[in-house]
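Me: I'd like to go through this structure with you. Can we start with the side chains?

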Amino acid sequence: VLLCGPAMVAPGRSYEFLLTPGQVTIIPQNNYVRRVYTDGRGHPKPVPLSFQGDTIGHWEGNTLVMETVGLRDESEFIHALRSDKANRTVTIVERIQKTDANHMRVDTTLDSPVVFNKPLTYSANYNRTQFAVSEEICTQNNLAVDPKTGDQVFPSAPNNDHSVPPR
């Protein structure tokens with residue numbers, strides 16, 4: 001569960017990054033757009049709780065350093081921590097670095113003096129693809145992609161015929 005928190009660049013998804021002055025916009029496969037403000041602002045006081053949290057960032061050379069705080073109790077990530085004080089104490093720091101023209105590394109550190117004895121850190125590597133980020137909506141998440149044809153299919157179609165859904 002820790003690897004699929006709502007506010008993190010998590011393994012197993014596709015992402016599109018839009019870099020503009022003062023902001024990096026991250027569009028993940030699940031379509032929950034993240035706006036990372038790199039214009040020097042701090043977190044608001046008090047930090048309003050939200051599903052994605054409040055993310056600010058800055059550049060250290062060619063590494064984007066993002067800090068997220070203020071995750072709501074209802075978020076899957078905070079719920080998994082099983083702490084009623086986690087939402088106010090968890091800080092997520094992501095360090096995103098393009099390692100070459102086709103690869104990216106994300107080092108993520110989760111910290112909370114209430115939840116962890118010491119910060120939890122993990123890393124993930126990503127490969128650039130030529131695929132566009134596709135729509136993924138939870139209420140319509142009943143489709144899969146046939147790896148042979150690329151068609152969207154019903155994974156639980158009658159008789160397992162994996163019929164292509166009507167358009």
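Me: Is Arg41 buried, exposed or partly exposed?
Reply: Arg41 is partly exposed, at 42% relative accessibility. Buried means under 20% relative accessible area, exposed over 50%, and partly exposed in between (1.4 Å probe, protein chains only). This is a predicted model: local features need pLDDT of at least 70, side-chain atom pairs count only at pLDDT 80 or more, and totals for chains, interfaces and linings use all residues. Residues are numbered from 1 along each chain as its sequence is written, and side-chain values use heavy atoms, leaving out hydrogens and water.

Me: What does Arg41 form a salt bridge with?
Reply: Asp39, with the closest N and O atoms 2.8 Å apart. A salt bridge puts a side-chain nitrogen of Lys or Arg within 4 Å of a carboxyl oxygen of Asp or Glu. Asp39 is partly exposed, at 43%.

Me: How many salt bridges are there in the whole structure?
Reply: The search finds 4. One of them joins Arg95 and Glu60, at 2.9 Å from N to O.

Me: Which strands do Arg95 and Glu60 lie in?
Reply: Arg95 lies in β6 (residues 91-100) and Glu60 in β4 (residues 54-60), so the pair ties together parts 35 residues apart in sequence. Strands are DSSP runs (E, at least two residues), numbered from the N terminus.

Me: New topic. How many residues has the largest nonpolar core?
Reply: It has 11, including Tyr15, Val36 and Leu64. Such a core is a set of buried Ala, Val, Leu, Ile, Met, Phe, Trp, Tyr and Cys residues joined through side-chain atoms within 4.5 Å.

Me: Which elements give two or more residues to this core?
Reply: β2, β5, β7 and β8. Apart from this core lies another, of 5 residues, among them Leu71 and Phe116.

Definitions and conventions. Helix = DSSP H or I, 4+ residues; strand = E, 2+ residues; numbered from the N terminus.
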